[in-house]
Amino acid sequence: YRRDQIQEFSDLINGSGIIPLCGAGIHSEEDYLHATWLGCKGVLLASAVAKSKDPTKFLKSTQVLNEKPSKIVFLDRDGTIIYDDKYHLGRTNDWKRKIKILPGVVDGIKRLNEKGYSVYMVTNQPGVAINQFPLLTEKKAQLVCLEVLERLYKKGAVVRGYHLCGHASVGYSKRRKEYSFNSKYVGNCTCIKPKPGMLKAILKKEK
């Protein structure tokens with residue numbers, strides 16, 4: 001489905017008091033999860049779900065992400081949740097094959113879930129700013145995040161959402177002299193860790 005439009009829609013009305021819903025294309029548990037991870041607060045069910053042999057299974061899956069969080073844990077992505085070998089995941093066509101969840105991560109997230117913590121993934125992806133990686137667009141970086149969250153969910157580890165910053169800091173662009181950078185994505189924005197912009201954005205979203 002059109003992930004980029006869903007993301008733009010939910011971002012556009014964030015904080016307005018309007019509740020974003022995804023009204024089409026919800027045919028499976030994965031569709032619901034992706035819509036939620038992209039910022040929607042609910043979905044309208046398609047006939048594929050209403051006429052399924054086990055609609056109860058789908059409805060139960062929605063409970064996981066519907067409860068309002070009271071305690072939040074933020075986890076980095078590369079080197080914390082998944083193996084990182086300077087991949088800049090998404091810059092090659094075989095990026096899915098390179099995603100490997102680190103040992104202990106699934107059990108750790110499950111324990112946080114059991115203790116009532118809502119887990120969010122936050123990740124800086126400066127590869128989006130590198131001209132030598134034409135395949136690694138911001139949209140592709142979002143797809144990588146969704147793939148990671150879906151794999152964790154299928155193993156029983158629930159990550160409620162994520163926030164991604166595709167900017168490269170001025171310092172990073174100067175250090176990586178082997179690359180040229182798109183000036184549109186270079187700057188010292190408040191979302192580049194260790195600045196807390198991504199955390200604040202999630203806290204605002206969750207009120």
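**Rings, a charge and a helix pair**

Colleague: How exposed is Tyr83?

Modeller: Tyr83 is partly exposed, at 39% relative accessible area. Keep in mind that this is a predicted model.

Colleague: And Tyr87, what does that one count as?

Modeller: Tyr87 counts as buried, because its relative accessibility is 17% and the cut-off for buried is under 20%.

Colleague: How many aromatic pairs are there in the structure?

Modeller: There are 3 aromatic pairs. One of them is formed by Tyr83 and Tyr87, with ring centres 6.3 Å apart. Their planes stand at 65°, so this pair is edge-to-face.

Colleague: Why is 65° enough for that label?

Modeller: Because planes over 60 degrees apart count as edge-to-face, and Tyr83 and Tyr87 have theirs at 65°.

Colleague: Okay, what about Phe133 and Tyr179, how far apart are their ring centres?

Modeller: The centres of Phe133 and Tyr179 are 5.3 Å apart, and with planes at 65° the pair is edge-to-face.

Colleague: Where do those two sit in the chain?

Modeller: In distant parts of it, 46 residues apart. Phe133 is in the loop between strand E4 (117-124) and helix H7 (138-154), while Tyr179 is in the loop between helix H8 (170-175) and helix H9 (197-206).

Colleague: Are they buried or exposed?

Modeller: Phe133 is buried, with 7% relative accessible area, whereas Tyr179 is partly exposed at 22%.

Colleague: Switching to charges, which ring does the charged end of Lys71 sit over?

Modeller: That would be the ring of Tyr117, with the charged end of Lys71 4.5 Å from the ring centre.

Colleague: Now helices. At what angle do H2 and H7 pack?

Modeller: Helix H2, residues 29-37, packs with H7 at about 130°, and the axes are 11 Å apart. That angle makes H2 oblique to H7, and H2 passes H7 in a right-handed crossing.

Colleague: Which residues meet there?

Modeller: From H2 there are Glu29, Glu30, Leu33, His34 and Trp37. On the H7 side they meet Leu146, Leu149, Glu150, Tyr153 and Lys154.

Colleague: One last one: where does Gln142 lie, and is Gln142 buried or exposed?

Modeller: Gln142 lies in helix H7 and is buried, at 16% relative accessible area.

Colleague: What does Gln142 touch?

Modeller: Leaving aside residues up to four places away in sequence, Gln142 touches Gln7, Tyr162 and Leu164.

How values were computed. Residues numbered from 1 in each chain as written. Predicted model: local features only at pLDDT ≥ 70, side-chain atom pairs only at ≥ 80, totals over all residues. Heavy atoms only, no water. Phe/Tyr/Trp six-rings, centres within 6.5 Å; stacked < 30°, edge-to-face > 60°. Buried < 20%, exposed > 50% of the residue type's maximum accessible area, 1.4 Å probe, protein only. Helix = DSSP H or I, 4+ residues; strand = E, 2+ residues; numbered from the N terminus. Lys NZ or Arg CZ within 6 Å of the ring centre and 35° of its normal. Axes fitted to C-alpha atoms, helices over the stretch in contact; angles between N-to-C directions. Parallel < 35°, antiparallel > 145°, perpendicular 65-115°, else oblique. Left-handed = near helix turned anticlockwise from the far one by under 90°. Contact = heavy atoms within 4.5 Å.
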